[in-house]
Amino acid sequence: HHLDTLGIDDALRDDPNENTPDAYVIVSGQDYMAVDALLPELRDRRHADHAPLLVLYPPERPDIATRALALGASDVAADNASGEELSIRIEDMLKRKRERDALRRSDEQSYRLAATDPLTGLYNRRYAEA
């Protein structure tokens, strides 16, 4: 795996080359700042709206984990979790992402096939009636 450390500005920056991370790991710290500032913004960005988000929180602050999940985190773990645990969590999140991406592509293809004429590629009556 390849791991990059990004600041908030870099994580939120749209990449015209589509070199976007497959997943994000956010270290929350002792307050809500990283969670409140980053999670809603990442979920709102086109380049990260489907990427899994793992939030690491201090074990003495489970309220941060609760808040992160409420704001759209895919998973949470204590920041003292073992590397093996984090690896398993990230692999699981990436597996689910690949499955959702495949379903999304299949749905898009189905909609396109239902709305266009197979011979001409032009929109058909179903598209005009929708």
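In the predicted model, helix α4 gives the most to the lining of the largest pocket, contributing seven residues. This pocket holds about 950 Å³ of space. Its lining comprises 28 residues, and the closest to the pocket centre are L3, D4, A23, Y24 and V25. Besides α4 (83–115), the elements that each supply at least two lining residues are α1 (8–12), β1 (24–27) and α2 (33–44). By residue class, the lining of the largest pocket divides into 16 nonpolar, six polar and six charged residues.

The second largest pocket contains about 170 Å³ of space. A set of 11 residues lines the second largest pocket, and those nearest its centre are T20, P21, R46, H47 and K97. Five of the residues lining the second largest pocket are charged, three are polar and three are nonpolar. K97, one of the residues nearest the centre of the second largest pocket, is also among the buried residues of α4.

Helix α4 itself has 33 residues. From its first C-alpha to its last, α4 reaches 48 Å, which is close to the 48 Å expected at 1.5 Å a residue. The buried residues of α4 are L86, M93, L94, K97, D101 and A115. Their packing partners are the strands β2 (53–57) and β3 (75–78), together with helix α5 (125–129).

D92 is also located in helix α4. With a relative accessible area of 37%, D92 is classed as partly exposed, because this value falls between the 20% limit for buried residues and the 50% limit for exposed ones. The side chain of D92 makes a polar contact with the side chain of R96, at 2.3 Å. D92 and P52 are separated by 40 residues in sequence, while their C-alpha atoms lie 9.9 Å apart in space.

T116 is placed in the loop between α4 and α5. The relative accessible area of T116 is 16%; T116 therefore counts as buried, the cut-off being under 20%. The side chain of T116 reaches the backbone oxygen of R112 at 2.7 Å. When residues up to four places away in sequence are not counted, T116 touches G121, L122, Y123 and N124.

Conventions. Residues numbered from 1 in each chain as written. Predicted model: local features only at pLDDT ≥ 70, side-chain atom pairs only at ≥ 80, totals over all residues. Heavy atoms only, no water. 1 Å grid on protein atoms, 1.4 Å probe; cavity = no way out; pocket = protein on both sides within 12 Å on 5 of 7 lines; lining within 4 Å. Points joined across faces, edges and corners; volume = space filled by probe spheres on them. Helix = DSSP H or I, 4+ residues; strand = E, 2+ residues; numbered from the N terminus. Nonpolar A, V, L, I, M, F, W, Y, C, P; charged D, E, K, R; others polar. Buried < 20%, exposed > 50% of the residue type's maximum accessible area, 1.4 Å probe, protein only. Polar contact = N/O pair within 3.5 Å; in protein donor to acceptor, adjacent residues only side chain to side chain. Expected span 1.5 Å × (residues − 1). Contact = heavy atoms within 4.5 Å.
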